[in-house]
Amino acid sequence: MLRRTLLAMIAGSTVPLNDSVLGAADNIRRRMDETLVSTTVSPAMLDHWEEAAASFGRQYMNTPPLRQLCDVLLEFSTVRQAMERHQPIDLQERLCALAARLAGLAGIIMIDLGDQRLARSFFRTSRTAADETGDRALRAWVTAREALVPLFYGDPREALNLAKKSRDLAGQTPCAAKAMAPVVEARALSMLANAGGKKDVVDQAKRALARARAAFAQMTPAQQEDTVFGYTERQLYFHQGDALTRLGQTVEADLILEQALEKYDGDLLDQTLIRFDQAHCRLLEGDGAEALRLGQEAVERVGEGFRTDIIVRRAADLARAIQAKCGPVEGLRDFVDQLAKLNPPADEASSAAAEVDA
């Protein structure tokens, strides 16, 4: 009706203000009223969803990744449906923050499952949602977590750039990312130092670790107890030990890694990765047989549901390193064959087998 009225006036016709025009105008107004008042989310419901997201974070280390991915994405879908309808501004911001956390957690799980393409996609979605909140700490958290994708998949320079971006976003705000970002920075630098052996890079990595420890001390107790959306002391010890291992500081790394293991109660994934770092320390000291034993023990401790790409990848990296440094250590061939049979199968295991055969 309004379009026809407008076209008639453009054509030069005189159009009376009749009941049809007024009815159309009032109909548009009523639809807007319905949109404005038809909120589908109550504060209590949003409280429930936020607690569910926090619960997923607590369960992350001890739930098989594929199982948890299903739970997270079902909740994520429910939040998306709620965001399709108009919500009051305060609830809309909370929904965006919740979407950012759930998408970020899905990205973290995708790293574990070995799909870096989907991991990057979920982190991109998480960034978009976080940007809608204006929460610098949340935006910094997403960026720090995203930096783990290139860190684990062999691009330390990109990881370093994302870590610095996260640090800039965090600014002076005491938050998880302010401690996490310099740790990622140190781990990326340690990979670059391992490749080039440059002393200045080693010094930069150690300074980054010092900044991480200082930032961790400023975090709230709640942030220090949250494995996924915060940053725990045991994670700080583990990641420091990982960086020091790659830097070749085996004595200091051994001490910190042992302290990290003592602080873990559950969290099977991190414990397994710590044991791989301990195995690499032994290898750096020339003890290939002990490195192999520790690697085998780490894999045997992992249940089938946790034998994800990241575990197989680290085990295969260890096997290749042992072969390169110590040659055909007794039992190495059996270890590589075991990796090839793990679920899910990994190209990394096949690559390691080829190098051992060669």
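Author: A salt bridge is a side-chain nitrogen of Lys or Arg within 4 Å of a carboxyl oxygen of Asp or Glu. The model discussed here is predicted.

Reader: What makes Asp-254 and Arg-282 a salt bridge?

Author: The closest N and O atoms of Asp-254 and Arg-282 are 2.3 Å apart. The cut-off is 4 Å, so the pair counts as a salt bridge.

Reader: How many salt bridges does the rule find across the interface of domain 2 and domain 3?

Author: The rule finds one across that interface. The domain assignment places domain 2 at 149-261 and domain 3 at 266-343. For the whole model, the rule gives a count of 22 salt bridges.

Reader: What else describes the interface of domain 2 and domain 3?

Author: Three residue pairs are in polar contact across it, both residues being at pLDDT 80 or more. On the side of domain 2 that touches domain 3, α13 (233-246) and α14 (250-263) each supply at least two residues. The largest share of that side, seven residues, comes from α14. The area buried between the two domains is about 1400 Å², and carbon and sulfur atoms give 59% of that area. The C-alpha centres of domain 2 and domain 3 lie 23 Å apart. Their contact takes 17 residues from domain 2 and 17 residues from domain 3.

Reader: Which side chain makes a polar contact with the side chain of Asp-270?

Author: The side chain of Tyr-264 does, at 2.7 Å. The cut-off for a polar contact is 3.5 Å, and 2.7 Å falls within it. Asp-270 lies in helix α15 (residues 268-284). Leaving aside neighbours within four places in sequence, Asp-270 is in contact with Met-61, Gln-235, Phe-238 and Tyr-264.

Reader: Are Arg-314 and Asp-277 called buried or exposed, and why?

Author: Buried means under 20% relative accessible area. Arg-314 has 11%, so Arg-314 is buried. Asp-277 has 2%, so Asp-277 is buried as well.

Reader: How do you know that Arg-314 and Asp-277 form a salt bridge?

Author: Their closest N and O atoms are 2.9 Å apart, and the limit is 4 Å. Arg-314 lies in helix α17 (residues 309-326) and Asp-277 in helix α15, so the pair ties together parts that are 37 residues apart in sequence.

Reader: What makes Asp-71 partly exposed and Arg-67 exposed?

Author: Asp-71 has 23%, so Asp-71 is partly exposed. Arg-67 has 54%, so Arg-67 is exposed. These two residues form a salt bridge, with the closest N and O atoms 3.3 Å apart. Both lie in helix α4 (residues 65-83), four residues apart, which is about one turn of the helix.

Reader: Why do Arg-313 and Asp-309 count as buried?

Author: Arg-313 has a relative accessible area of 18% and Asp-309 has 13%. Buried means under 20%, so both residues count as buried. Their side chains meet in a salt bridge at 3.3 Å, N to O. Being four residues apart in helix α17, Arg-313 and Asp-309 are separated by about one helical turn.

Conventions
Residues numbered from 1 in each chain as written. Predicted model: local features only at pLDDT ≥ 70, side-chain atom pairs only at ≥ 80, totals over all residues. Heavy atoms only, no water. Polar contact = N/O pair within 3.5 Å; in protein donor to acceptor, adjacent residues only side chain to side chain. Contact = heavy atoms within 4.5 Å. Domains from an automatic or database assignment. Buried area = accessible area lost by both parts, 1.4 Å probe. Buried < 20%, exposed > 50% of the residue type's maximum accessible area, 1.4 Å probe, protein only.
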